[in-house]
Amino acid sequence: NELYLNGAFVPPEAAHISVMDRGFLFGDGVYEVIPSYGGHFLGLEPHLDRLDASLAAMRLEAPLAREDWRAVLRRLIGEPPAADQYVYLQVTRGTAPERDHLCPAGVRPTVLAFAKPIKPRAPAIAEQGVACITHPDIRWLRGDIKSISLAAAVLMRREAADADALETIMHRDGWVTEGAVSNVFVVAGGALMTPPKSRLLLSGITRELALTLAHEHGLEFVERPVALDILRAADEIWLSSSTREVLPVTRLDGELVGDGRPGLLWRRMDALYQDYKARVRAG
Ligand code: PLP
């Protein structure tokens, strides 16, 4: 279980980063989480495209060429048929001599990547769904950047866990943005909808895949602002993320969503998603 740090593959205990690293001192960096099934990545290129966008938004230069990223990530997950794993990768602005918000020229980024097993979904989730709470979106206004500054997400997951819920669905000015670590879909009035991409939320790779699958299989959807009232009255609510796939939400702030069972449309989407994953796994 070697990890990758600044050009070398090393055992975790041999990997060291300076306390002056700007990731540690300022949360000054970006990251990605990329899933793989049986040694094949799901959405590798879109994830690397989003990494490029996050790096550019943070005014960081790409530390590796695309082929080098691919080679590093492939080596971390091993050859097919490998176990199901995600790769976590992060790039920080690097280690500077002083703790100064303004980074001097010539500092080289710190590049870290490692693989970890993906836990299979508990069967109870498809039968019972998951619980969520709602909370005002207390984050900064650049949710589109996959920044390692995750204070709000950490707090929101804590709040959720304290309420025996999995995730916190956030809203700003009465409009749903996204989950602390996921995107949100809603089925209301017979329509499947999800908030449109904007600077206020992360453009999820799983969100995009779910929309593509919906389009290919004739499920109608709209990308449109979703009011908190619509969320509260929804027949179905889903969460999406790379490691959790598409999850049915059956309780919101302690109230049942719809009839309190995972919805019919979710079942269709999950079948499409599982089928897509099986094709990824088969290479
Ligand atoms: N929104 C936020 C804030 C996230 O942290 C994540 C992923 O962890 C997502 C959405 C889902 O993105 P993806 O589907 O690319 O994993």
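1. **Ground rules.** Residue numbers start from 1 along each chain, following the sequence as written. Because the model is predicted, local features need pLDDT of at least 70 and side-chain atom pairs count only at pLDDT 80 or more, while totals for chains, interfaces and linings use all residues.

2. **Overall build.** The protein chain has 8 helices and 15 strands, taken as DSSP runs numbered from the N terminus (helices are H or I, at least four residues; strands are E, at least two). Its radius of gyration is 19 Å, close to the 19 Å that the globule rule gives for 283 residues, so the chain is as compact as a globular protein of that length. That radius is taken over C-alpha atoms, and the rule is 2.2 Å times the number of residues to the power 0.38. Along the principal axes, the C-alpha atoms fill a box of roughly 55 × 45 × 30 Å.

3. **Burial and contacts.** Buried residues make up 37% of the 283 in the protein chain. Here buried means 20 or more other C-beta atoms within 10 Å of the residue's own, exposed means 12 or fewer, and partly exposed is in between, with C-beta atoms placed from the backbone. Among contacts between residues at least 6 apart in sequence, 71% join residues at least 24 apart; a contact is a pair of C-beta atoms, placed from the backbone, within 7 Å.

4. **Around the ligand.** Of the 13 residues around the ligand, Leu202, Gly204, Ile205, Thr206 and Ser242 come nearest (near means a C-beta atom, placed from the backbone, within 6 Å of the molecule or strand). Helix H6 (205-216) and strand E13 (236-241) are the elements giving two or more residues to this shell, and H6 has the largest share, with 3 residues. By class the shell has 4 nonpolar, 7 polar and 2 charged residues. Ala, Val, Leu, Ile, Met, Phe, Trp, Tyr, Cys and Pro count as nonpolar, Asp, Glu, Lys and Arg as charged, and the others, Gly among them, as polar.

5. **Helix H6.** Ile205, Thr206, Arg207, Leu209 and Ala210 are buried in H6. Their cover includes H2, strand E10 (183-188), strand E11 (191-194), E13, strand E14 (245-252) and helix H8 (264-281). After H6 comes glycine 218, with a positive phi near 70°.

6. **Helix H2.** Which residues of H2 are buried? They are Leu44, His47, Leu48, Arg50, Leu51 and Ser54. Seen down the axis of H2, these buried residues fall within an arc of 160°, so they line one face of the helix; the arc is that of the directions from the helix axis to the C-beta atoms. They pack against strand E3 (29-37), strand E4 (40-41), helix H3 (66-77) and H6.

7. **Leucine 239.** This residue is in strand E13 and counts as buried, with 26 C-beta neighbours inside 10 Å. Leucine 239 touches Glu167, Gly179, Ser182, Val184, Arg244, Leu247 and Val249, leaving aside residues up to four places away in sequence.

8. **Backbone spots to look at.** Arginine 59, in the loop between H2 and H3, has a positive phi near 55° although it isn't glycine. Aspartate 173 also has a positive phi near 55°, and is found in the loop between strand E8 (167-172) and strand E9 (175-179). The peptide bond from proline 80 to proline 81 is cis, with omega near -5°.

Note on methods:
Contact = placed C-beta atoms within 7 Å.
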